Amino acid sequence: MNGFSKWPKQENTGRATEAIAGEVIQRRLSRFNEQELANLVNGFSKWPKQENTGRATEAIAGEVIQRRLSRFNEQELANLVNGFSKWPKQENTGRATEAIAGEVIQRRLSRFNKQELANLVNGFSKWPEQENTSRATQAIAGEVLRRGSSDFTRQGLANLVNGFSKWPAGQNTGLEAIAGEVIATEAIAGEVIQRRLSRFNEQELASLVDGFSKWPIGEDTSGAVEMLAGEVLRRLPDFNPQDLAMLVNGFSKWPIGEDTSRAAEMLAGQVLRRLPDFNPQELANLVNGFSKWPMGEDTSRAAEMLAGEVLRRLPDFNPQELADLVNGFSKWPAEERMGQAAAVIAGEVLRRQLADFTPLALANLANGFSKWLDEETCRQALLDIARGLGRGKHRFGAFTTPQLSMLANALARSVMAAEDSAEMIETALLKDRLHKLAHHLHYADDRLKTADVLSISNILKALDKTRLVDDLGLLARPGLNRLEELRHQPAFAAENNLEAMGNLCVAVLPLARSSQKELRWHRRPALNLLNNIQGVVMDKIAAHLGASDAERIRGPLASRCPALSMYQVLKARAVLEKLYRRPHIEGNKSDLKARQQELQAGTKDILHRTGELIERDLSNMSWNLIAQIGADSPLDALDSFLAENAATVQADRPASQFNVHQVLQEMDHEPRPAAGDGGTDAAAAGRRPAGETRSDRARDCRFDRARDSRFDKAQHSIFGVPSHDAGAGPGGRGAATGKAERVHAGADAHRRRRALPHGLVRRQQVEAAESDAGANRGARAGRPQS
């Protein structure tokens, strides 16, 4: 058996091994000694896909569990672990490996040679959740640091890196030491580097890149990966599909590196030529990896082609892979092919049991589907996820705080979309889940005390968008306290990029300016926090404007939408400079006034440097804010902006041209219903125009609500008719009304049955009523008091 394993690719050796495995299953395993059992497992592991080898290894694992492990020597233990790791999902192999890990902890690690240590780490990494395997790996990491890694073979280095990478979260795995050895031994001179790195085979290179990717912030690991990327570029055609997927996934942790970016673009070309050769896991890793370069031409084209391949093989993907695909495709929300793929995946998710998805997978699915709420299947899948939140396997305690922030963000987007479409049942469901999520965070108070800036910002923003004021008030104090604590940490500026700072500004803004009882108690700490972070914000904006394209994509200066981040900062500063005064802030009045003037000058400077970028990317959604900041007086803001930007406004909103006399003649007739399927006739009959989309209906609903609010105010000012939410009693619905009031109320009721004209004519009626109301108020103000 041990001999056959040296030729695993030959047909006859494979068939003979399968026959031997069948014989082993039939025999009593107690008749084999420890060395024979280890050799059998080591040999069978070269054919992990054969049925008999898997069954035989499972049986041997059961035998190992029953024996005294002290009878196995170091080499036999390492071979057993290395062999069992090829079947990580079998129960007996996992139990046997945990028992061996316990034995390794008890032994002196100096008795193991370097190859055996590497094999143990690589094997233990298939069960990272087990306590014994984790403890044994940490002990081996210490032994590696003590010995030094210069004597490890290339395969040994790759196995160590790949194994240690399964425990990246602050554990003593010694990966930085290995990366340093790679650099120290390989980086003597350029020619020597190329020759030495060329001695690593393709699998070893891929394992090194994939392993180093778990520590992307390490200086040594970054240097090692940059060198490995150069070597990969020199022999791309030699990598198999598994290696290509590992390389893309690994390089994606360094998307701003020059060599890693070039390698990703070249890998995209290789992937396109070999799409049918990738298995589902590799396809998911490729999509997720390429999504770190959403602006790259080759990576975007590769992702589009991968979307087509995914749709052809969708039933083959497991739940985690489906979530990774949605997470990857969501980086291209405007691409039609990605939206189609997400919609089809949503349909597949609806057909499966949500209990099969882990909390992380569910958070990624919700966050991804919320980018395509116009797609019916994406909307339904997100609603299905929302229904199951807070119960059973998906109780809120099972999610990490970053995952809860992703869910809050997705739920908030969905609430806004449901409200715009007047879907009351959906709105109630989504708001209820977000409300329960907020209450979980309130009672599990340790969550926000350890959360990062992005998580807190997303949660506060979600509650503000959905107008869950009570819940926002509950989380405001712990959230602001944690943000203030993070602000004092030395790594605050380095760990939070420009996009995070923009999100932070707009998240704290409602707490700084709201006059609602539940929130106004938090105004002073919110204003102080906004004021205290402005130095970091200003530095990031200045650095971003002078940064390279790569630095703007990833790193402390990055933002996926710089214009939006600048807009968010300006919006917060516009409020801060107005409210940074007594009684909102304690301090000397002259000092506060000086700070206000300093903020105003800084805001205008930011606007001067970024105004063109904001207007270009955000168009007219930014005009109101720009006009307010740029004007000397709020009353002159609109006139000043229109005068300075007349050409832009006229180009974007050209004046309507029509024959006034002809329009008046057409309107000169007795009242009658509108003809055909258009106008108020269709609205009164409950019909909608053909081809209308959800976004069209949402736009109409928003205008109707705004128009109704304005009309209510106008009718109250002119005729004394109360708003629709007023109660009975004096001045209410139950009060006696005059003739004019009764006529106007009747016309209003008739309008609410959708029988009066809408659109431009309706807006003109409302504006005329408001104008008359202003004139009446002016006349009353001028009368002498009796």
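Select Ala422 to begin: this residue follows helix 21, and its phi is positive, near 60°. Helices here are DSSP runs (H or I, at least four residues), numbered from the N terminus. The model is predicted, so local features need pLDDT of at least 70 and side-chain atom pairs count only at pLDDT 80 or more, while totals for chains, interfaces and linings use all residues. Residues are numbered from 1 along each chain as its sequence is written, and side-chain values use heavy atoms, with hydrogens and water left out.

Next, select residues 401-420, which form helix 21. Its end C-alpha atoms are 29 Å apart, in agreement with the 28 Å that its 20 residues should span at 1.5 Å a residue; the expected span is 1.5 Å times one less than the number of residues. Is this helix enclosed or open? Because 16 of its 20 residues are buried, helix 21 is largely enclosed by the rest of the structure. Buried means under 20% relative accessible area, exposed over 50%, and partly exposed in between (1.4 Å probe, protein chains only).

Move to Glu258, in helix 14 (residues 258-273). Glu258 counts as exposed, at 62% relative accessibility.

Then select Arg520 and Trp521. The charged end of Arg520 sits over the ring of Trp521, 5.3 Å from its centre; this requires NZ of Lys or CZ of Arg within 6 Å of the ring centre and within 35 degrees of the ring normal.

Finish at Val660, which belongs to helix 37 (residues 660-667). Val660 is partly exposed, with a relative accessible area of 48%.

How values were computed: Helix = DSSP H or I, 4+ residues; strand = E, 2+ residues; numbered from the N terminus.
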